[in-house]
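Have the model open beside you as you read.

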Amino acid sequence: MMPNTLEQGGIAPHITAHYSDCAWRAMLAEVNLSPKPGLVDRYNNGAHRDMALEDFYRSADAIRLWLPRFVEMGACSAGLPESAVLAAIRPIGMACEAAMFRATAGANTHKGSIFSLGLLCTAAGRLTQQQKRVTPEALCRLVAGFCEGLTARELAQHNAGQTAGQRLYMQLGLTGARGEAEAGFPLVSDHALPHYQALKAQGIDPELALLDTLLVLMARNGDTNVASRGGADGLRWLQQRAIALLRQGGIRRASDLYLLEEFDNACIARHLSPGGSADLLIVTWFLAEISTVNSQTLSSTSFSWRNSDDCFKR
Ligand SMILES: CC(C)(COP(=O)(O)OP(=O)(O)OC[C@H]1O[C@@H](n2cnc3c(N)ncnc32)[C@H](O)[C@@H]1O)[C@@H](O)C(=O)NCCC(=O)NCCS
Ligand SMILES: Nc1ncnc2c1ncn2[C@@H]1O[C@H](COP(=O)(O)OP(=O)(O)OP(=O)(O)O)[C@@H](O)[C@H]1O
């Protein structure tokens, strides 16, 4: 199914394109970032046997077609209570997920990213329609509003144990992607985003800053991807290793990258991949990019973004 064009709820097309392109570039920035522990990147497929870099590009391109629909739905539903919005965007999320699985012949490349970016694009559409400033704080607060009660509804009360996330809530109490969204992405807003921005302000190369920020997320995140493969022990091991690397000084220079290659090899040997932290890194990049764009420029200019190849070219 191809996405339908919805009535735009009054948002100029270039603004819809800006937020959806930002989300698409966030996915490319994450997957191109290398070397990442356990994850698919430009160097290898990490601890994954069913997907490779090209699948991520195909997946991101398939998702790209659906991202404007989230922004538009956010604008169209701007008069509804926040609690009604998730139900309005779920069919778009499901269709986008189906498009991702078709593009990758069944591999789960971006399920968590669709969920988080879909919510953020919807929030951007709503704020724009309401003529409010689109800031990281406002976006995260709105996502929390859209997801209020989600953990209780889908994990605590009606948990059929069908998905990895539901099973891990029953086994370990992890709330995964739902819990992070419902809390307004606190790992991103309180830790990853300020960390990434502070490193860049110190003049650290943005790619190294983003790799260090991935470690910050891995050190704290109750990642259901890691727990579904390695259980509580695997999650603890991965968090401890990220904490140790950060305590040693983290990733500041190109000469530190071998530490991530060693971490990658150890993750591959244990068959562990921090997919949830990768998703939160995508959220971090998206919010960092949003906060650098002046909203007045946005309302008067037509954007032509860089080609995907420009994202973290080596
Ligand atoms: C809520 C979702 C993510 C449920 O998936 P599931 O039950 O498997 O939960 P789980 O928490 O394991 O999340 C799935 C993915 O999220 C990511 N993830 C895992 N842990 C975390 C974490 N702590 N923080 C953020 N993301 C995480 C991973 O990539 C993982 O593969 C989602 O697939 C879903 O319901 N999709 C339907 C589409 C939809 O609702 N769209 C509306 C909003 S766009
Ligand atoms: N670069 C990346 N490499 C791997 N996973 C990523 C990357 N970026 C994001 N992810 C996230 O990780 C998830 C994929 O993880 P995983 O392969 O463990 O899931 P699965 O296929 O459902 O489980 P399994 O492979 O254990 O059967 C996706 O939902 C995606 O959002």
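## Ground rules

Angles between axes under 35 degrees count as roughly parallel, over 145 as roughly antiparallel, 65 to 115 as roughly perpendicular, and the rest as oblique. The axes themselves are lines fitted to C-alpha atoms, for helices over the stretch in contact, and the angles run from 0 to 180 degrees between N-to-C directions. Helices are DSSP runs (H or I, at least four residues), numbered from the N terminus.

This is a predicted model, where local features need pLDDT of at least 70 and side-chain atom pairs count only at pLDDT 80 or more, while totals for chains, interfaces and linings use all residues. Residues are numbered from 1 along each chain as its sequence is written, chains are lettered from A and ligands numbered from 1 in the order in which they are written, and side-chain values use heavy atoms, with hydrogens and water left out.

## Helix pairs

Two packed helices are described by the angle between their axes and the distance between the axes. For helix 3 (residues 67–76) and helix 4, the axes come within 10 Å and cross at roughly 170 degrees, so these helices are roughly antiparallel to each other. Contact here means heavy atoms within 4.5 Å. On the helix 3 side, Arg-69, Phe-70 and Met-73 take part, and they meet Ala-88, Ile-89, Ile-92 and Gly-93 of helix 4. This contact contains five nonpolar residues, one polar and one charged. In this classification Ala, Val, Leu, Ile, Met, Phe, Trp, Tyr, Cys and Pro are nonpolar, Asp, Glu, Lys and Arg are charged, and the others, Gly among them, are polar.

Helix 12 packs with helix 13 (residues 257–270) at about 175 degrees, their axes being 12 Å apart; that makes helix 12 roughly antiparallel to helix 13. Residues of helix 12 in this contact include Trp-237, Leu-238 and Arg-241, and those of helix 13 include Leu-259, Phe-263 and Arg-270. By class, the contact has nine nonpolar, no polar and three charged residues.

## The site of ligand 1

A residue is near a molecule if one of its heavy atoms lies within 4 Å of it. Ligand 1 has 28 residues around it, and Arg-90, Thr-163, Asn-221, Asn-225 and Asp-279 come nearest. Helix 4 (85–103), helix 5, helix 9 (176–182), helix 12 and helix 14 each supply at least two residues of this shell, with helix 4 giving the largest share, six residues. The shell divides into eight nonpolar, 13 polar and seven charged residues.

A polar contact is a pair of N or O atoms within 3.5 Å. Oxygen atoms of ligand 1 lie 2.4 Å from a polar side-chain atom of Thr-163 and 3.5 Å from one of Lys-111. A nitrogen atom of ligand 1 is 2.7 Å from a polar side-chain atom of Asn-221. On its own, ligand 1 has 870 Å² of accessible area (Shrake-Rupley method, 1.4 Å probe), and the protein covers 94% of that.

## The site of ligand 2

Around ligand 2 there are 19 residues, the closest being Glu-30, Thr-109, Asn-225, Arg-229 and Asp-279. Helix 1 (13–32), helix 5 (111–129), helix 12 (224–247) and helix 14 (275–292) each contribute at least two residues to the shell, which has six nonpolar, eight polar and five charged residues.

The side chain of Glu-30 has an N or O atom 2.9 Å from a nitrogen atom of ligand 2. At 3.3 Å from an oxygen atom of ligand 2 there is a side-chain N or O atom of His-48, and a polar backbone atom of Gly-112 is 3.3 Å from an oxygen atom of the ligand. Ligand 2 exposes 630 Å² when taken alone, and the protein buries 80% of that.

## Backbone spots

Most residues other than glycine have a negative phi, and most peptide bonds are trans. Ala-105, in the loop between helix 4 and helix 5, has a positive phi of about 55 degrees although it is not a glycine. The peptide bond from Ser-34 to Pro-35 is cis, with omega near -5 degrees, and Pro-35 sits in the loop between helix 1 and helix 2 (53–64).

Key: A polar contact is a pair of N or O atoms within 3.5 Å; within protein, one must be able to donate a hydrogen and the other to accept it, and residues adjacent in sequence count only if both atoms are side-chain atoms.
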